[in-house]
Amino acid sequence: MSPIDMLVNSTIRPDVRAVASYHVADASGFIKLDAMENPYHLPHHLRQVLAQRLADVALNRYPVASYASIKQRINDKLGVPAGYDVILGNGSDELISILCMACAMQDRRAVVVAPTPSFVMYQRSAQFAGMDYVGVPLKADMTLDLPAMLVAIAEHKPALVFLSYPNNPTGNLFAEADIVAIIKALDGFGLAIVDEAYEPFAQQTFMQRLPEFHNLVVMRTVSKLGLAGIRLGYMSAAPQLLAELDKVRPPYNINVLTQVAAEFALDHVEVLNQQAAALRAARADLTAALARMPGVEVFPSAANFILIRVPNSDDVHAKLLSHKVLIKNVSKMHSVLANCLRITVSTPEENSAFLDAFAASLAA
Ligand SMILES: *Cc1c(COP(=O)(O)O)cnc(C)c1O
């Protein structure tokens, strides 16, 4: 063994060495429908103003550690209930990892429970924090298996239960009553994290219900709304809980450029909301068009992506790549997703280019 291999083996944890790194496909030259990005830019005139604001930022200074001005805008504009605050993350990915770090115990293995398939970072963050992860399979129609969730909660007494609402990669909203049952079952020992990354497209939220449940955490991100590049997530919960979680957060985790860009975008949030409305309309059109195609099963979506099942997902995915269209092949993620593909909803032009390539890929 070479000296560097020996060094890696003696320093890096075996479970870290064993995992594959998070794969991101190279999308240059492709119609990119794999990552739930908003295809629209800010209008030109707004970008000019933003450029000036960014040019004026004091890059030599650390961010103002309270992040008061950006939090104020989030609290005012994004429906955080009175008396509640948020903590900010470098994307909600960082918030997931903060939750896990804060709840991983030193004297015993704390547990994370989540339905599966769901967002992969729940499992990854749990593992890296040294927690056990228990995935509870969804039913064949992608709905939540509430009895199985309640059994897992009773058996493992998880510190954290992550519920993606709507769920990625299936696109559906779990029943509100099921989520409430889970929050109540966790009362006294565990937190329910409702991950509302797709709230602009679902228009369903637990944010207003925070005062009802002291073990509820509502997490969101501006990524899917149209600001994936700036990396900003936020979460709200009971103030005492937030204060503890905030101790784990790196003090300057939101950089000054992100802060200024986010404040600017929230001052013009109606622009982003209009884009989300256009994408909801495009989702309806794309869903209808896909449902008309023979051999294609379309799952209902409350997000900005659509899950479908085709006769041969690997074949269709490869043929779409040859048409320079990149979608996500989720068929190997979980047995319930056999032959499933996930398509991000885009502009009418990109959606119709996708549909043409898809029809050709199915037929060939
Ligand atoms: C995309 C996504 C996130 C990650 O959001 P970032 O803020 O970009 O890190 C979190 N949760 C779910 C369910 C997602 O699909």
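Predicted model: local features only at pLDDT ≥ 70, side-chain atom pairs only at ≥ 80, totals over all residues.

1. An unreviewed UniProt entry lists K224 under "modified residue: N6-(pyridoxal phosphate)lysine", and in the model K224 is placed in helix α10, which covers residues 223–227.

2. Is K224 buried or exposed? With a relative accessibility of 15%, K224 counts as buried, because the cut-off for that class is under 20%.

3. Leaving aside residues up to four places away in sequence, K224 touches A35, M36, N38, A197, Y198, F201 and N304. Among these, Y198 is joined to K224 through a polar contact of 3.1 Å between the two side chains.

4. The domain assignment divides the protein chain into domain 1, made of 3–43 + 270–363, and domain 2, made of 61–267. Their centres, taken over C-alpha atoms, are separated by 23 Å, and 35 residues of domain 1 are in contact with 33 residues of domain 2.

5. About 2600 Å² is buried between domain 1 and domain 2, with carbon and sulfur atoms giving 64% of that area. Between domain 1 and domain 2 there are zero salt bridges, whereas eleven residue pairs are in polar contact, both residues being at pLDDT 80 or more.

6. On the side of domain 1 that touches domain 2, at least two residues each are supplied by α2 (14–18), α13 (269–291), β10 (305–309) and β13 (340–344). Helix α13 gives the most to that side of domain 1, with eight residues.

Technical notes: Residues numbered from 1 in each chain as written. Heavy atoms only, no water. UniProt positions renumbered as here; feature names shortened; annotations may be inferred. Helix = DSSP H or I, 4+ residues; strand = E, 2+ residues; numbered from the N terminus. Buried < 20%, exposed > 50% of the residue type's maximum accessible area, 1.4 Å probe, protein only. Contact = heavy atoms within 4.5 Å. Polar contact = N/O pair within 3.5 Å; in protein donor to acceptor, adjacent residues only side chain to side chain. Domains from an automatic or database assignment. Buried area = accessible area lost by both parts, 1.4 Å probe. Salt bridge = Lys/Arg side-chain N within 4 Å of Asp/Glu carboxyl O.
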